[in-house]
Every structure is written in C-alpha cells, then in structure tokens.
Amino acid sequence: YDKGLTNVVCIFGTNNINAAKLGNLYMRGAQTIDIFMDGDVAGQKAAAKIKELCEQGQLLTRNIYKEGSDPGQLTQAQVTKLKEYLYA
C-alpha cells in the first residue's frame, strides 16, 4: 500500500482468515482476489489455503507467484510493474 497499490490487505498469516470473512468481501462487491504470498513453500501453502477459502466465499482468485519472492520487499519499480500486470 505504501508504494501505491490500493485495495490491498496485509493478512499477517492465515490463521485468522475464514470463508465467512472472505464472503463478506463478496457481499461488499469484491469479485476477484489476487493472492500474493511469499514464494517459498510455506507461502505457497498459505496461498493454496486462501484460494480454497475464497472459492467457498464465491470469489475468483489468482495467485501472483514468483519463486523466492517476498511481497514486503518489492521495490517501487517492481510494484509499478505489478500494478501494470494486475490492472491490465
């Protein structure tokens, strides 16, 4: 968010996320969730869990994945490129 992405949420892990909370996003008009977790095994396991929960909440998902990535360490140039990809 601090580098210009909007409509984003930092979840600080997956333990507090459930289908009902994600369903609330759907009820508020969200249709698609882009998931961008760490590119390691644990991050991708969490992304799969979130994807499953989103689908239970009627949300379409897309996993933004790059091996070894850490979303919190993206440079401004990388965020700009990501925005172009997301909003294309």
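# Questions about a predicted model

User: Why is lysine 51 called partly exposed?

Analyst: The relative accessible area of lysine 51 is 36%. Buried means under 20%, and exposed means over 50%. The value 36% lies in between, so lysine 51 is partly exposed. Keep in mind that this is a predicted model.

User: What makes glutamate 55 and lysine 51 a salt bridge?

Analyst: The closest N and O atoms of the two are 3.2 Å apart. The cut-off for a salt bridge is 4 Å. The value 3.2 Å is within 4 Å, so the pair counts as a salt bridge.

User: Where do glutamate 55 and lysine 51 lie?

Analyst: Both lie in helix H2, residues 41-56. They are 4 residues apart, which is about one turn of the helix.

User: Is glutamate 55 buried, partly exposed or exposed?

Analyst: Glutamate 55 has a relative accessible area of 46%. The exposed class needs over 50%, and the buried class under 20%. Glutamate 55 is therefore partly exposed.

User: How many salt bridges does the structure hold?

Analyst: The structure holds 2. One of them joins the side chains of arginine 62 and aspartate 34.

User: How do you know that arginine 62 and aspartate 34 meet in a salt bridge?

Analyst: The N to O distance is 2.7 Å. A salt bridge needs the atoms within 4 Å, so this pair passes.

User: Why does the pair of arginine 62 and aspartate 34 tie together parts of the sequence?

Analyst: Arginine 62 lies in strand E2, residues 60-63. Aspartate 34 lies in strand E1, residues 32-35. The pair therefore ties together parts that are 28 residues apart in sequence.

User: What makes arginine 62 count as partly exposed?

Analyst: Arginine 62 has 27% relative accessibility.

User: Why is leucine 5 called buried?

Analyst: The relative accessible area of leucine 5 is 14%. Buried means under 20%, so leucine 5 is buried. This leucine is found in the segment before H1.

User: What does leucine 5 touch?

Analyst: Leaving out residues up to four places away in sequence, leucine 5 touches Val79, Leu82, Lys83, Leu86 and Tyr87. Leucine 5 and threonine 80 are 75 residues apart in sequence. In space, their C-alpha atoms are 8.5 Å apart.

User: What is found at the start of helix H1?

Analyst: A side-chain oxygen of asparagine 18 reaches to within 3.1 Å of the backbone nitrogen of alanine 20. The helix covers residues 19-27. H1 is followed by glycine 29, whose phi is positive, near 110°.

User: Which residues lie nearest the centre of the largest pocket?

Analyst: Val8, Val9, Cys10, Asp34 and Phe36 do, out of 35 lining residues. The volume of the pocket is about 1,400 Å³. H1, E1 and helix H3 (76-86) each give two or more residues to the lining. E1 gives the most, with 4 residues.

User: How do the residues of the lining of the largest pocket divide?

Analyst: They divide into 23 nonpolar, 6 polar and 6 charged. Asp counts as charged and Phe as nonpolar.

User: What volume has the second largest pocket?

Analyst: The second largest pocket has about 320 Å³. It is lined by 13 residues, and Phe36, Lys66, Leu74, Gln78 and Leu82 are the closest to its centre. H3 gives the most to this lining, with 4 residues. By class, the lining of the second largest pocket has 6 nonpolar, 4 polar and 3 charged residues.

Technical notes. Residues numbered from 1 in each chain as written. Predicted model: local features only at pLDDT ≥ 70, side-chain atom pairs only at ≥ 80, totals over all residues. Heavy atoms only, no water. Polar contact = N/O pair within 3.5 Å; in protein donor to acceptor, adjacent residues only side chain to side chain. Buried < 20%, exposed > 50% of the residue type's maximum accessible area, 1.4 Å probe, protein only. Contact = heavy atoms within 4.5 Å. 1 Å grid on protein atoms, 1.4 Å probe; cavity = no way out; pocket = protein on both sides within 12 Å on 5 of 7 lines; lining within 4 Å. Points joined across faces, edges and corners; volume = space filled by probe spheres on them.
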